[in-house]
Amino acid sequence: MRHDLLKSFLTIFIYPVFFYVGPVNGTTLSEGVLQDALSRELYKHPVWLTILGYEDKGILSTAVASIYPSDAAFISDNGRTDPVYEMEATLNSFYEVVGEKLDDHPQCRFRARFIWLNTELKLADRGLQTVECEEFEQWKRFDSVESISVMLVGGFLGNPASYYGHNMLKLNSETSSRSDLQNESINFGANIPPADGIFKYIFKGITGGYQGVFSSADFFHYANNYGQTEHRDIWEYELDLNDAELTLMLGLMWELMHVDFTYYFFNKNCAYRMAKLFDALRGIELTNSSSLWYSPQTFIQRLTNLSGSKQIFEGNITYHPSRQSAFYAKYYDLDNLEKEIVTELVTHSGTFENQKFEDMPLPSKLRILDVLLDYYQYTTADGQGNVAAINNPYNQVLAKRYQLPVGVSQFSPSQPDSPHQSRDMSYSAVSRVDNTALGPVTRLRVRPAYYDNLDYGVGHVPAAGLSMVDIDLMLHDGEVAIRNFSLIKIESINLRATGLPSDDRRTWLLEAGVAQDRLDDPKSSVARIRGQIGYAVPSPNDRGVFGLRAGGSIQSRYRGSDYVSATATIFATYELTRKIRLHLMSEYREGPTQESKLRRIDNLAIRYELAKNFDLRFSYEKNVATELTLSFGAYW
Amino acid sequence: MIHKKSLVGSGMILAAALVFGSVAQAQEPTGSGPNPFRDCGIGAALFPTTNWAAVSSNVIWDVGTTAVTSATASPQTCQGQYVAAAAFIFETFDSLTEEAAKGSGEHIATLLNILNLNENERAAVLTSVRRDMASLVPQNSFDAMSKTEKAETFYLSVMGAIES
């Protein structure tokens, strides 16, 4: 923000003369108030900049402009680019005549501005008649909100927009007449027309083709959708804010729910918008407007790592397990006989008749029925839980439960580690390679997101992988070549699968990108889409997984390869210790013509965790030529 | 087969709304008379044919407005604690019926909060609803019901218990 002596003179002594301060609702904006605001440069304050969405115009510019696309967000004609004019127009608007509908008055519509400016300038003490904003008071349930929680919803592979999770806020009201499910929750997302197909959805989501808005609803809407339908865990991080901060945040959320944004999937998404709200508090900065991406996990990690005067999280975490997580936790808490009865009831689900069950004591019966209810909810395919069907096994279990006395079943408490303790999201590594055909090679890898089958952590699916724009370059004889560029790679494995019907141990892999077809030729890069499906079983001690997948790929052609090929892979991932993991894989690849002979590719990779955000990896790979690789990696 | 008590209860609600309609509009909470499932679009509107992306975390999910805009009754009629209760029952039906079977739970407590029932009323309503559902759930006719029909049945059971 440019500020020189001339501008100071103008703002303090000249501008007030030209602004309308005529009669309004019996009081007027006094020149003293205006000069106070201007002399204190409140238009430069982080709270003011946050409320109006002002961001630096560019790296080399000191000017700011608001990112709000709609003119309705501003009072003055120059509001989008001039915080001074907008502040002056805002202050004047507070003195406007009050019409029939109080909630239309600027003190109510621009609630955050009013709350903050009233606090800073003591407007009410200096003659301003304040307006009762009934809609705002009802929305925030008057003074019942005692804290705000930041929510992290786990990732969901069923929807590309949800791969990396989601953030929301929850307003916690401590009253005996309202449960947590009734607490107001604040969401930010893209407003997507129902007719948009997947490719349009992806394109517009990435390029800013959608409007983004804040909205609010009772928490049970989200808890039900995420936890019951999408089977996503929710982590809640309760913040420690004082009353003034709480009031300001409520006003900010209210005001921003009436503002339009432009939604960008990678960097101006739910996580970014939620994190930006906290710029209004204590000089906190959780975001960088020039970041190429910003994830829900990053938001939570930065928020929980604030310290000193900026610390607003004191460690109060609540875990809301999804139906799937609840099912697995309960199932694996059953003893062997209880598990045996569950298996029998599931595999013979025509009628609920099982003598072993009838012979069990009541507490075991309640446990078994609870597990079965969760199992049928988790494995029902319609996404809404219940199914209309005669002899529906879920209803049979429910009917059995109604026959038994009321009471809550007992299970051992189970809570996984919180995702805020996980390592950072992005990864870079530099490698030294010894190639039997090429000699020494240097490789440089950058993976913006997210994890692979060796470095999965808290909040990730164990032994699985999810990555985007993972690029691995090789430098050899002064030339750079693409060793691997994975636009997207998903490796789905469910280590906790019980093996019950519909909860099988299926594994699948999908990858699209560019890869070096053979290790003896740096110019053998081909564009490739490949997919595989198969079966994976956990190791007896649950520290690893063994699997087999088969599938194929479509690719551009290179010598010794066809456009298509069939593949079969056997693999194993194992955690030797908490810090050492290994992955072993052999893939058989063959095309339909004589040009593409059966080829076997072997890979052994070992990862050692040096620290939370650093690792060492060693790998052996044979694909025509052989490579031994040692790499040092860092997460950021 | 809907329990007789529920039919009587729902009939009493509707009869009261019809007889005292003009007075009710001035003094009673709106939405207590009509069946929210039939007249306010609960069920049909809340989960329309869902675009694959529609329930993603990045989509606006404005349940209340969606329900009201597809109502056959007026928006003013489709407000109030009973419609809110019906919407809650529809959305969280599975959790509600499971907790009713167990005799307690956060969703049951939330539903009773929405209906502003005191402690004595809560215990009586829960006992009555549990009794109704215990006889309904095992029946093939219940199996064959859609989610909307099941939720409506539960709602009528709750309303019948309140009225009795």
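**Close-up views: disulfide and salt bridges**

Over all chains, the structure holds 1 disulfide (cysteine sulfur atoms within 2.5 Å). This is a predicted model: local features need pLDDT of at least 70, side-chain atom pairs count only at pLDDT 80 or more, and totals for chains, interfaces and linings use all residues. Residues are numbered from 1 along each chain as its sequence is written, and side-chain values use heavy atoms, with hydrogens and water left out.

**View 1. The disulfide A:Cys108 to A:Cys133.** The S to S distance is 2.0 Å. The S-S torsion is about -85°, so the disulfide is left-handed. A:Cys108 sits in helix 5 (residues 106–109) and A:Cys133 in the loop between helix 6 (111–121) and helix 7 (134–139) of chain A, so parts 25 residues apart in sequence are tied together. Helices are DSSP runs of H or I, at least four residues; strands are E runs of at least two.

**View 2. Salt bridge A:Glu245 with A:Arg282.** A salt bridge puts a side-chain nitrogen of Lys or Arg within 4 Å of a carboxyl oxygen of Asp or Glu. Here the closest N and O atoms are 2.7 Å apart. A:Glu245 is buried at 11% relative accessibility. A:Arg282 is partly exposed at 31%.

**View 3. Salt bridge A:Arg483 with A:Glu627.** The closest N and O atoms are 3.2 Å apart. A:Arg483 lies in strand 14 (residues 479–492) and A:Glu627 in strand 22 (residues 625–635) of chain A, so the pair ties together parts 144 residues apart in sequence. A:Glu627 is buried at 1% relative accessibility.

Methods
Chains are lettered from A and ligands numbered from 1 in the order in which they are written. Buried means under 20% relative accessible area, exposed over 50%, partly exposed in between (1.4 Å probe, protein chains only).
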